[in-house]
Amino acid sequence: IVSRAVSSRPSHPILANVLVTADVSTQRVSLSAFDLSLGIQTSFGAQVAAGGTLTIPSKLLGDIVSRLPEGEIALDDGDEGSGDGGILVTLKYASGKYQMRGLGAEEFPELPVIEDGEAAQLSVESLIEGLRSTLFSSSGDETKQVLTGVHLSTQDGGLEFAATDGHRLAVVETTAQADDESSELPKIAVTVPSKALQEVIKMLDRASTAAVSVKFDPGQIVFEWADQRLTSRLLEAQYPNYRQLIPRQFMHQVTIDRRGLLSALERISVIADQRNNIVKMGIDAESQAVKLSVDAQDVGNGEETIPAQITGEGLEVAFNVKYLVDGLKVMNTTEVQIQLNTATSPAIVSPLGSLKMTYLVMPVQVRS
């Protein structure tokens with residue numbers, strides 16, 4: 001868990017290490033890693049004969065332990081290194097012994113603690129739902145800075161998640177409450193790096209907790225539950241006013257089977273991949289069907305027809321097939337609704353069910 005917060009290119013040797021803390025009074029061992037942006041801490045029960053702290057190279061420790069057979073191991077830092085500040089850590093198990101050169105904990109940076117920031121309680125279900133349904137829309141381009149994260153904000157007593165890469169936008173509304181149930185939810189408007197939130201999902205998938213405490217101040221956010229803690233810096237730039245991008249009225253509306261549409265798009269993407277990833281969507285009100293088509297010169301062409309409930313006149317519009325597939329995959333409802341106005345204005349895809357999600361996709365302009 002913690003190794004994912006170890007820097008691949010550490011600016012200081014100790015940042016390649018995991019901090020190991022053994023506590024006699026609680027009979028627990030905690031592990032921490034911190035790359036100065038993302039920090040993860042976890043703990044577990046152990047038989048602690050002598051307490052203390054030290055750091056061990058993360059990759060070396062992980063590679064050895066992951067290959068050990070089931071059973072108990074003993075860690076001991078009894079041997080001093082060769083006077084260079086190093087510590088020889090001995091790891092023993094039933095039929096073997098390994099020694100690793102560690103470092104003292106003095107230079108290991110402390111994980112940020114938020115004393116006076118705002119706090120809220122989120123249900124694990126709501127948090128995972130909000131993150132899974134938006135993370136895919138964030139940008140992978142580091143030059144876009146604030147768009148590489150997910151924006152969390154309070155809206156009408158709930159928590160809203162939003163992510164955009166400039167071509168598409170996913171917005172999800174979930175429930176949340178203040179840390180103190182009798183008080184109001186604090187005003188939240190923060191943008192968290194996607195990398196940190198992907199780790200939150202991985203950690204929560206293995207957790208048995210029902211709620212997560214979230215604390216934040218202007219520079220940091222901390223997620224805490226049971227014996228786990230993740231801290232991340234926040235992205236500081238102003239997040240775009242995405243709500244003004246979402247149209248209020250529509251001239252065309254399509255209700256369609258999600259699995260049927262997704263399967264057809266995945267099949268036709270084999271041809272679309274050969275030419276710019278673009279698929280044309282013909283909305284035929286007369287036959288109450290959606291027709292997908294791709295014509296990739298010198299490669300081939302493809303066509304799929306899916307029945308649908310359509311209101312409004314016919315329209316042909318083109319999309320990046322990957323954007324449609326990504327959005328449909330995170331929706332888990334039987335049917336979805338597609339709403340649009342023209343072949344060049346934003347289209348909105350929404351699941352018809354309990355998830356309050358709005359997925360905006362910009363059409364692609366295709367030259368005749």
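Two strands count as paired if DSSP finds at least two bridges between them. Keep that in mind, as I start with strands. The model is a predicted one.

Take strand E11, residues 168-175. E11 and strand E24, residues 356-361, run antiparallel and are joined by 6 bridges. Within that pairing, Leu169 sits opposite Leu360 in E24.

E11 also pairs with strand E10, residues 158-164, again in the antiparallel sense, and here there are 7 bridges. In this pairing Ala163 faces Ala170 in E11. E10 and E11 form a hairpin with 3 residues between the strands, and in that hairpin Gly166 has a positive phi near 100°.

Is E11 enclosed by the rest of the structure or open? Buried means under 20% relative accessible area. Of the 8 residues in E11, 6 are buried, so the strand is largely enclosed by the rest of the structure.

Now to the cores. The largest nonpolar core has 50 residues, and the members that touch the most others are Leu127 and Phe223. Which helix gives the most to this core? That is helix H3, residues 194-205, which supplies 6 residues. Apart from this core there is another, of 40 residues, and its members include Val172, Ala347, Leu355 and Met357.

Last, Phe223 and its contacts. If we set aside neighbours within four places in sequence, Phe223 is in contact with Leu127, Leu197, Val200, Val212, Ser213, Val214, Gln228, Arg229 and Leu230. So that list includes Leu127, which, with Phe223, touches the most other members of the largest core.

Notes:
Residues numbered from 1 in each chain as written. Predicted model: local features only at pLDDT ≥ 70, side-chain atom pairs only at ≥ 80, totals over all residues. Heavy atoms only, no water. Core = buried A, V, L, I, M, F, W, Y, C linked by side-chain atoms within 4.5 Å. Buried < 20%, exposed > 50% of the residue type's maximum accessible area, 1.4 Å probe, protein only. Helix = DSSP H or I, 4+ residues; strand = E, 2+ residues; numbered from the N terminus. Contact = heavy atoms within 4.5 Å.
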